[in-house]
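Hi,

Here is the structure I promised to pass on.

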Amino acid sequence: MPETNSAPLGLLGGTFDPVHYGHLRLAEEGRAALGLAGVRWIPAGQPPHRAAPDAAAAHRLEMARRAIAGNPAFTVDDAETRAAGPSYTVVTLERLRAEAGRRPLVLLMGADAFLGLPAWHRWREIFDLVHLGLAARPGFALSPTDWPAELAQACAGRLGEAADLRAAPAGRIASFAMTPLGISASLLRAQLAAGASVRYLLPEPVREYIESHRLYRIPDGH
Ligand code: ATP
């Protein structure tokens, strides 16, 4: 069973509808800044706390696979996209914790996802399962004085640095500086629906996949 002192493993959950360079830089810069052995990408099936994704789970999974292809530090976990029902992050993290033993796990998040944490199912239990690795995102504050009270309360005493993440399996929060990228999947979906170019905002193999499967287009007749 892996020991606490083995290098932490990063986790990146998301709808990835579609995956873009904001996600890739979050994973890459988080890996480097927090000393992660790698990052496991976990595309959501049907996320319970937001509207249904535009693209089917199988498409989002395939786009994630194409986005990370060739990077041995990145892997894709298809458990949530294979599940029939809604996927709760806390349930996925329980599974990964059971697999990891006492190895540190670090859930990477952009500031927007972190600020929305109190809406997640059994969110307080997430701190017992993983560390959080937080990146600023244009338009969202990462300063604790701007956090909702219940989030600030749950995080009190947990804030630390990259080195703290190696010392325990879970429970600490470290933020890291990330190249600010104002790219979002919603922006990409809007551009694709409008027939505008999304080239250079996401990996070319993902763009080609979107084009060949005619994803995110307004259906004919609308
Ligand atoms: P949408 O626009 O549909 O809400 P999104 O672009 O935020 O999608 P998600 O799949 O919801 O993408 O995000 C997965 C994770 O990646 C979240 O933790 C989110 O904060 C983070 N993330 C996405 N884009 C960026 C970005 N440009 N910079 C930093 N973090 C990002």
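S87 is buried, because its relative accessible area is 8% and the cut-off for buried is under 20%. Keep in mind that this is a predicted model. In the chain, S87 sits in the loop that joins α3 (79-82) to α4 (89-100). Its side chain has two partners I'd point you to. One is the backbone nitrogen of G45, which the S87 side chain reaches at 3.1 Å. The other is the side chain of E80, with a polar contact at 3.3 Å.

Now the ligand. Its shell holds 21 residues, and D112, R137, L181, A185 and S186 are the closest of them. Sorted by class, that shell comes out as nine polar, eight nonpolar and four charged residues. As for where they come from, β1 (9-14), α1 (21-34), β4 (105-110), α5 (111-115) and α8 (185-193) each contribute at least two residues.

A polar backbone atom of G110 lies 3.0 Å from an oxygen of the ligand, and a polar backbone atom of I183 lies 3.0 Å from a ligand nitrogen. On its own the ligand would expose 600 Å², and the protein buries 92% of that.

Cheers

Methods
Residues numbered from 1 in each chain as written. Predicted model: local features only at pLDDT ≥ 70, side-chain atom pairs only at ≥ 80, totals over all residues. Heavy atoms only, no water. Near = heavy atom within 4 Å. Polar contact = N/O pair within 3.5 Å; in protein donor to acceptor, adjacent residues only side chain to side chain. Areas by Shrake-Rupley, 256 points an atom, 1.4 Å probe, with all protein chains shown as cover. Helix = DSSP H or I, 4+ residues; strand = E, 2+ residues; numbered from the N terminus. Nonpolar A, V, L, I, M, F, W, Y, C, P; charged D, E, K, R; others polar. Buried < 20%, exposed > 50% of the residue type's maximum accessible area, 1.4 Å probe, protein only.
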